[in-house]
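Here are my notes on the model, as numbered points. Please read them with the coordinates open.

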Amino acid sequence: MARALIQPVTDDVDPDAEPHELRFRFETGRPCLDLVLTVGERWRRSFERLRSPEDLSRWLVQSGLAAGPLRVNPPDLADARELREAVFRVARAAVDGRPAPPADVRTVNGWARRPDLAPRLERLGGGVRRDGGATVGAALATLARDAVDLFGGPLAGRVRECAAVDCSGLFLDTSRARRRRWCSMATCGNREKVTAYRRRRAGAPTRSPQGSTAHARIASPRS
């Protein structure tokens, strides 16, 4: 069941946020959804990970869309956030099974029409990398085209919301059974399984050394 998304995205970082929560994550299965994940806990704290132009530059490098740090200015950051929120609302519509907001579709399509990053073959079987002479605009166009490809095709129905109680990440379910629950088994999935295990252990009756169930002693009434 989708969580109610009532908090606006804010540049203020939750003072209780752990350092690992501010790290960029690339576990969604699609670049455009990785961009969406630069906002943490949209359903609760809704904090911004792209707080500065330098943050956007780092994200582009870590995502593989840029070979090295890019010159990013405040308007570039605003553009990236605008595209991200449009992609998020389109993705949210896909999860909810309703039509995507027309204004957000126009935003995505507008960026997708711009020149994107040229693919580059480096070695056979070594995958495809993007042109080293990247610009922020070309990187955003590439992300928009990825969104068009995802939400305009059959995989749109495989976009899911992570089932972890402390995560609102959207991801692409590529499992054969189409029953994947976590954005990442290594993070959210493992954490939820550990929590469930501890909950079961806490609720299980203790055993005596002989294997019999130990019951709490009933104190006799004092006179």
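1. Arginine over rings. This is a predicted model. In it, the charged end of arginine 42 sits over the ring of phenylalanine 88, at 3.9 Å from the ring centre. Arginine 114 does likewise with tryptophan 111: it lies over the face, and the distance to the ring centre is 3.8 Å.

2. Aromatic pairs. A pair of aromatic rings is described by the distance of the centres and the angle of the planes. How many aromatic pairs does the count come to? The count is one, for rings whose centres lie within 6.5 Å.

3. Glutamate 41. Check the backbone here. Phi is positive, at about 45°, although glutamate 41 is not a glycine. Most residues other than glycine have a negative phi. Where is glutamate 41 found? Its place is the loop between strand E1 (39–40) and strand E2 (47–48). Is glutamate 41 buried or exposed? Its relative accessible area is 8%, so it counts as buried, the cut-off being under 20%.

4. Valine 136. This residue belongs to helix H5, which covers residues 136–151. Its relative accessibility is 5%, and therefore valine 136 counts as buried. Which residues does valine 136 contact, leaving aside neighbours within four places in sequence? They are Leu56, Leu60, Leu70, Arg71, Val72 and Asp76. Take leucine 56 from that list. Valine 136 and leucine 56 are 80 residues apart in sequence, yet their C-alpha atoms are 9.0 Å apart in space.

5. Cysteines. How many disulfides does the structure hold? The number is zero. A disulfide is a covalent bond between the sulfur atoms of two cysteines. Cysteine 32 has a relative accessible area of 1%, so it is buried. Cysteine 162 is buried too, because its relative accessibility is 1%.

6. Fold layout. The protein has six helices and six strands. What is the order of elements from the N terminus on? It reads α-β-β-α-α-α-β-β-α-β-β-α.

7. Whole-chain totals. The protein has 223 residues, and 40% of them are buried. Take the contacts between residues at least 6 apart in sequence: 60% of these join residues at least 24 apart. The contact between valine 136 and leucine 56 spans 80 residues in sequence. The accessible surface is about 13,500 Å². Carbon and sulfur atoms account for 52% of that surface.

Conventions: Residues are numbered from 1 along each chain as its sequence is written. This is a predicted model: local features need pLDDT of at least 70, side-chain atom pairs count only at pLDDT 80 or more; totals for chains, interfaces and linings use all residues. Side-chain values use heavy atoms; hydrogens and water are left out. Helices (H or I, at least four residues) and strands (E, at least two) are DSSP runs, numbered from the N terminus. Buried means under 20% relative accessible area, exposed over 50%, partly exposed in between (1.4 Å probe, protein chains only). Contact means heavy atoms within 4.5 Å. Rings of Phe, Tyr and Trp (its six-membered ring) pair if their centres lie within 6.5 Å; planes under 30 degrees apart count as stacked, over 60 as edge-to-face and the rest as tilted. A charge sits over a ring if NZ of Lys or CZ of Arg is within 6 Å of the ring centre and within 35 degrees of the ring normal. A disulfide is a pair of cysteine sulfur atoms within 2.5 Å. Accessible areas come from the Shrake-Rupley method with a 1.4 Å probe; for residues, only the protein chains shown count as cover.
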